[in-house]
Amino acid sequence: MGRVARGDDDLLLGEGAALPSELPGVPDAAWDAFARAMQTAKLSDVSEANAVGMFELTPRRLADLGVVEKLARRRRGEGNPAPVFTARFVPPMTAEHFLKDPDAQYRAFARSIADYDRRLASGEIAPPADESLGRAGQLAVLHRAGPRGLLSWDRGERFPQTTLAAERARGLF
């Protein structure tokens with residue numbers, strides 16, 4: 001692919017030409033700005049909730065995309081009742097490789113966003129009543145919180161990180 005930088009955990013997407021758009025009707029520059037806005041972690045990061053990589057893709061979303069299998073819900077431990085999901089990467093991919101491979105992470109992110117965009121366009125996912133988010137803002141909320149999170153957003157139930165992502169993406173396309 002050659003579009004994504006390797007080896008520098010802080011510079012996640014390489015400099016230079018804009019990433020080619022992965023969405024119909026979205027200019028390359030707008031897609032590039034969106035992808036960069038959705039980078040919220042370092043390449044090798046794993047969050048407390050097991051979201052992985054620079055785009056903090058969750059095991060549940062990676063399972064939807066066929067990147068992982070054997071999704072299981074586990075307890076985090078004492079003092080934190082929220083569950084965490086675990087999964088196994090579909091061979092030949094491994095967690096170690098995924099956490100070092102910006103191209104694999106970018107491809108999974110782009111597939112995820114293209115899937116959400118298609119489902120929004122088809123009506124499978126209902127857009128929020130608040131139209132001020134725009135297409136990019138809706139996709140940012142979906143990326144952070146999934147379809148149920150978009151419904152919660154519409155009801156005013158918003159988490160700070162989801163709000164931040166939506167604000168970063170609002171108006172990009």
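Predicted model: local features only at pLDDT ≥ 70, side-chain atom pairs only at ≥ 80, totals over all residues.
The lining of the largest pocket divides by class into 16 nonpolar, eight polar and eleven charged residues. The protein chain holds six helices and two strands.

**Largest pocket**

- Helix 5 gives the most to the lining, with ten residues.

**Second largest pocket**

- The second largest pocket has 13 lining residues.
- N50, V52, P59, A87 and F89 lie nearest the centre of the second largest pocket.
- Helix 2 and strand 2 each supply at least two residues of this lining.
- Strand 2 gives the most, with five residues.
- By class, the lining of the second largest pocket has ten nonpolar residues, two polar and one charged.

**Helix 4 against helix 5**

- The axes of helix 4 and helix 5 are 10 Å apart, and the two helices pack at an angle of about 90°.
- Helix 4 is therefore roughly perpendicular to helix 5.
- Helix 4 brings F109, I113, Y116, D117, R119 and L120 to the contact.
- Helix 5 meets them with R135, Q138, L139, L142, H143, G146, P147 and L150.
- The residues of this contact are eight nonpolar, three polar and three charged.

**D117**

- D117 sits in helix 4.
- D117 counts as buried because its relative accessibility is 9%, and the cut-off for buried is under 20%.
- Beyond its neighbours within four places in sequence, D117 is in contact with L23, P24, R135 and L139.

**Helix 1**

- Helix 1 spans residues 28-37.
- Its buried residues are A30, W31, D32, F34, A35 and A37.
- These buried residues pack against helix 4, helix 5 and helix 6.

**E96**

- E96 lies in helix 3 (residues 95-98).
- E96 counts as exposed because its relative accessible area is 55%, and the cut-off for exposed is over 50%.
- E96 and S44 are 52 residues apart along the chain.
- The C-alpha atoms of E96 and S44 are separated by 8.6 Å.

**Whole chain**

- From the N terminus on, the elements run α-α-β-β-α-α-α-α.
- The protein chain has 173 residues, of which 43% count as buried.
- Among contacts with a separation of 6 or more, 53% join residues 24 or more positions apart.

Terms used
Residues numbered from 1 in each chain as written. Heavy atoms only, no water. Helix = DSSP H or I, 4+ residues; strand = E, 2+ residues; numbered from the N terminus. Nonpolar A, V, L, I, M, F, W, Y, C, P; charged D, E, K, R; others polar. 1 Å grid on protein atoms, 1.4 Å probe; cavity = no way out; pocket = protein on both sides within 12 Å on 5 of 7 lines; lining within 4 Å. Buried < 20%, exposed > 50% of the residue type's maximum accessible area, 1.4 Å probe, protein only. Contact = heavy atoms within 4.5 Å. Axes fitted to C-alpha atoms, helices over the stretch in contact; angles between N-to-C directions. Parallel < 35°, antiparallel > 145°, perpendicular 65-115°, else oblique.
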